[in-house]
Amino acid sequence: MARSLQLAALGQYSTAPNPAVGCVLLDAGGAVAGEGWHRRAGEPHAEVHALQVAAGRARGGTAYVTLEPCSHHGRTPPCADALIAAGLRRVVTAMQDPDPRVAGQGISRLRHAGIETVVGLMAREATELNRGFIARMARGLPWVTVKLGMSADGRIALADGSSQWITAAAARADVQRLRARASAVLSGIGTVLMDDPALTVRGATLETHGREPLRVVFDAKGRLPTQSKLATDGKSTLVFTAAGAAPAQQSPPQATHAQVNRGDASGPLRTEAIATDDSGRIDIAAALRRLAELECNEVLVEAGPRLAGSFVASGLVDEIVLYVAPTLLGDTAQPAFVLPQPLRALGERARFTYHDVRQVGPDLRVTLRPLES
């Protein structure tokens, strides 16, 4: 199963909106007969690749699969049927598929065919690998990561907004990996007006993975400049505005799911009205639900302190990734998070746990997750 998970991880940058899945087949004597992994949505699944490699040598053997074999006809035929036809004796899966089209039916089909099944081996690792897909299927929302680069005293920019560069080149290169994994990179209009970001995957990461996420902008009042990078580079950008706001540029017809999730760079700039909260700001929950409808598994938030603080206050953040530079900017510099409402007591604070801490070049990458998760 550990090897199956290694194989599955090879697809984590390319399979969205599908999950990343790996499979190892053993023959009747316990020797490896075939391996496979799901490479891209619309292409054969991991089990099919492994069966092709095995070429019949897995009959009477065991399959180790990181996710329950599918039981429905989607872009490809059911993998459960392929395993049954291959004459497997036993199938071990890390976890049940949360997709309601499967949700135990693949396991049931295997059992009815007389195949011994085991579910739950290395489930934690499998869940981590497909956290975005699982979140979207289980709760109708993508996995949300908020990323910030900051000084050791928690400041992200000088008072005038200057922030290039607080962190070093290694940390900035590591951010490209986060973008490549995400289905969408989200920012606010304040950051766009200040920095004119491209929010693209660049350098060696793009060369390796060849995938760019959808760019998403919260722009309640329709202020996105028509000459900004997001509006002119021809890559896929979705602008959420308030109903009645005049967008800077009217949108052509909506991009397809393939454009949104597989990183095609041909998607146009388009705007979409969405619900707002009592203060007239884009409703975070509504926006995330819409991105889930567009089959976005993971959303990376790269925004200023106010939008970052609003995400934290919403309770919809699954992870915070902080790149911390060994430098101090002082109390006049901008803080990392500005919460919509000041805390009245310490008991109201958002509490997190350290999920991972490691050095990236001269900086630290600190990954926080909500304490309750």
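Select alanine 55 to begin: it sits in the loop between α2 (46-54) and β3 (62-65). Helices and strands here are DSSP runs (H or I of at least four residues for helices, E of at least two for strands), numbered from the N terminus. Alanine 55 has a positive phi of about 50°, although it is not a glycine. Its side is open, too: alanine 55 is exposed, with a relative accessible area of 63%. Exposed means over 50% relative accessible area, buried under 20%, and partly exposed in between (1.4 Å probe, protein chains only).

A word on what you're looking at: this is a predicted model, where local features need pLDDT of at least 70 and side-chain atom pairs count only at pLDDT 80 or more, while totals for chains, interfaces and linings use all residues. Residues are numbered from 1 along each chain as its sequence is written, and side-chain values use heavy atoms, with hydrogens and water left out.

Next, jump to leucine 199, in the loop between α8 (189-195) and α9 (203-209). Leucine 199 also has a positive phi, near 55°, in a residue other than glycine. Buried or exposed, this leucine 199? Leucine 199 counts as buried, at 3% relative accessibility.

Now for the cis peptides. Show the bond from alanine 16 to proline 17, which is cis with omega near 10°; proline 17 lies in the loop between α1 (2-9) and β1 (22-26). Then go to glutamine 164 and tryptophan 165, joined by a cis peptide bond with omega about -5°. Tryptophan 165 is in the loop between β7 (155-157) and α7.

Follow the chain into α7 (residues 169-181) and stop at leucine 178. Leucine 178 counts as buried, at 13% relative accessibility. Which residues does leucine 178 touch, not counting those up to four places away in sequence? They are Lys147, Leu300, Val321 and Tyr323, where contact means heavy atoms within 4.5 Å. For a distance check, draw a line from the C-alpha of leucine 178 to that of threonine 167: they are eleven residues apart along the chain and separated by 16 Å.

Over to threonine 241, in strand β10 (residues 237-242). Threonine 241 is buried, with a relative accessible area of 5%. Leaving aside neighbours within four places in sequence, its contacts include Asp219, Glu272 and Ile282.

Time to colour the largest nonpolar core, which has 39 residues; Leu186, Phe218, Phe240, Leu291, Val301, Phe311 and Leu322 touch the most other members. A nonpolar core is a set of buried Ala, Val, Leu, Ile, Met, Phe, Trp, Tyr and Cys residues joined through side-chain atoms within 4.5 Å. Helix α12 (residues 284-293) gives the most to this core, with five residues. Zoom in on leucine 322: beyond four places in sequence, its contacts include Leu148, Met150, Phe337 and Leu368. Then give another colour to a second, separate core of 34 residues, which includes Ala20, Val21, Ala63 and Ala126.

Finally, zoom out. The chain has 13 helices and 16 strands. Its radius of gyration is 22 Å, close to the 21 Å that the globule rule gives for 373 residues, so the chain is as compact as a globular protein of that length. That radius is taken over C-alpha atoms, and the rule is 2.2 Å times the number of residues to the power 0.38. Of the 373 residues, 53% count as buried.
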